[in-house]
Amino acid sequence: MKKVFYFFVLFFFYINVAHSKSNIAYLDVQLIIDKSDLGKFYKKKISNKYDTIKLELEKKEISIKDEQILIDNQKNILKEEEIKKKIKKLNNKVINYQTLRNEYSKNILVEKKNYSIEILKILNPIITNYVEINNIDIVIEKKNILVGIKSLDITFNILEILNQKTKEKNLLNEN
């Protein structure tokens with residue numbers, strides 16, 4: 001009798017049966033940011049700003065190149081002191097140009113980051129609401145998934161909802 005009792009005790013302690021059904025989904029946040037109407041709107045704003053900056057920098061670059069050509073052409077005519085002054089002035093222009101270019105690059109990166117943060121502020125409640133409505137236990141970023149069933153991908157569902165919310169709140173008419 002003792003042997004049977006020990007057998008049942010050992011049997012129940014060593015059996016680990018997991019009968020849980022976890023509802024898991026994954027999504028590609030970067031794709032949502034890039035492909036959403038709001039993301040495209042912000043991208044266009046950044047692109048327009050970048051194009052304006054690019055034109056300004058190109059004008060400064062042409063001015064610097066023209067001045068360098070002028071100095072090179074005048075090397076035989078001008079005195080050495082005057083050439084050194086012009087070269088020093090040119091070097092200062094080059095340094096200012098490089099500083100300005102770096103500053104513009106940093107500003108563009110900061111603006112991209114700020115726009116992404118704005119989209120995520122709108123996106124997080126949408127994802128939370130979607131998870132609650134569809135009884136999803138966990139959502140994983142797609143970049144952390146090696147292989148997954150397509151039916152677990154909720155990216156395009158969230159993208160549609162985000163685009164609807166964007167239109168409802170009229171977010172594309174911001175200045």
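In this predicted model, I32 touches L27, L123, T155, I158, L159 and L162, with residues up to four places away in sequence left out of the count. I32 also belongs to the largest nonpolar core, which comprises 33 residues. Within this core, I32, L38, L123, I154, I158 and L162 are the residues that touch the most other members. Several elements contribute to the core: the strand β1 (24-27) and the helices α2 (29-35), α3 (37-74), α4 (80-133) and α5 (155-169) each supply at least two of its residues. Helix α4 gives the most, with 14 residues.

The aromatic side chains may be considered next. The structure holds 2 aromatic pairs. In one of them, the ring centres of F41 and Y42 lie 5.9 Å apart and the ring planes meet at 50°. Since planes count as stacked under 30 degrees and as edge-to-face over 60, the angle of 50° makes the F41 and Y42 pair tilted. Both F41 and Y42 are buried.

The other pair joins Y42 to Y115, with ring centres 4.1 Å apart and planes at 5°, so this pair is stacked. The pairing links distant parts of the chain, for Y42 lies in helix α3 and Y115 in helix α4, 73 residues apart. Y115, like Y42, is buried. Taken together, F41, Y42 and Y115 form one aromatic cluster, in which Y42 pairs with F41 in a tilted arrangement and with Y115 in a stacked one.

Definitions and conventions
Residues are numbered from 1 along each chain as its sequence is written. This is a predicted model: local features need pLDDT of at least 70, side-chain atom pairs count only at pLDDT 80 or more; totals for chains, interfaces and linings use all residues. Side-chain values use heavy atoms; hydrogens and water are left out. A nonpolar core is a set of buried Ala, Val, Leu, Ile, Met, Phe, Trp, Tyr and Cys residues joined through side-chain atoms within 4.5 Å. Buried means under 20% relative accessible area, exposed over 50%, partly exposed in between (1.4 Å probe, protein chains only). Helices (H or I, at least four residues) and strands (E, at least two) are DSSP runs, numbered from the N terminus. Contact means heavy atoms within 4.5 Å. Rings of Phe, Tyr and Trp (its six-membered ring) pair if their centres lie within 6.5 Å; planes under 30 degrees apart count as stacked, over 60 as edge-to-face and the rest as tilted.
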